Amino acid sequence: MSRVAKDSVGGFGRHVPALSSALRPSPHDELREWGGPPLVRGKRVLDLGCGDGRLALGVAPLATRVEGIDPDPEAIAAAKRNARKAGVRNVRFAAGAAQHLPYPDAAFDLVILSWTL
Amino acid sequence: MVDALVEVHRVLAPGGTLVDARPDSRVQAYAERRKPRGFQRFGVVKTSRLELANDRASDHVITRVVRDGLFERRRSGRFWHRVPFSDLAELRKYLREHLRFVHRAEWVVDAATRKRHSNDQFVIRRAVRYELLEALRSPRNNSPARPD
């Protein structure tokens, strides 16, 4: 497979901020490549290394619930702001380390490591 | 990283899916000028040695947890992603400030061409790889993965 995802920030001719999730593919594009909505629909999803919530918020409309976790508290604060702004209610964000996940066994159907490993 | 994937296996229901998606440093990235129709290649952008080493370490970790029977590979692929820049100066600024790529592109057009088109819109076209792995019910062997 060798296709080009559409422009990630919706067009050219504008400054792209450094270290922004806008530099990455859109959640829609990534999900399409991975297999499309059936991969997420009705699932319990963990976005590990969620950053500012780019992907977690992108897949939330399809998922039963989404948890996002990231070691960076500032990124989590941004993710929470983005969730409030988007009016998404089935997503929760928390600061934490991947080595000690604060979730019970078998809590998720899908774990996403997007630009994390 | 292995201990993190052991944790991922713990929180995933048996049969659940792990998606690992990240830049694909096995192939080069390209600096391209946007034309009215299509793109013109201006240069090659190589991945930094540090990031190449990190990517190999990540590959090793995935291989390890598959070998240890925590996950089974299901599907993988690659797609291309364009990062847009308003002009050539913005693209160069990005290369200077980011660690993933080397800080200077290897240009395939001459300096006069770069100068002539410096105010045009540019992209870095880079590959993104992904792999879907299925969480297995229990390790296939008697020596579960341990952190490196």
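The model is predicted: local features need pLDDT of at least 70, side-chain atom pairs count only at pLDDT 80 or more, and totals for chains, interfaces and linings use all residues. Residues are numbered from 1 along each chain as its sequence is written, while chains are lettered from A and ligands numbered from 1 in the order in which they are written.

Let me begin with the interface. Here 38 residues of chain A are in contact with 35 residues of chain B, contact meaning that C-beta atoms, placed from the backbone, lie within 7 Å. On the side of chain A that touches chain B, strand E5(A) gives the most, with seven residues. Strands are DSSP runs of E with at least two residues, helices runs of H or I with at least four, numbered from the N terminus.

E5(A) also runs parallel to strand E1 (residues 12–23) of chain B, joined by six bridges; two strands pair if DSSP finds at least two bridges between them. In this arrangement Val111(A) stands opposite Leu18(B).

I turn now to the backbone around E5(A). Most residues other than glycine have a negative phi. Ala106(A), however, has a positive phi of about 55° and is found in the loop between E4 and E5 of chain A. In the segment after E5 of chain A, Trp115(A) has a positive phi of about 60°.

Technical notes. Contact = placed C-beta atoms within 7 Å.
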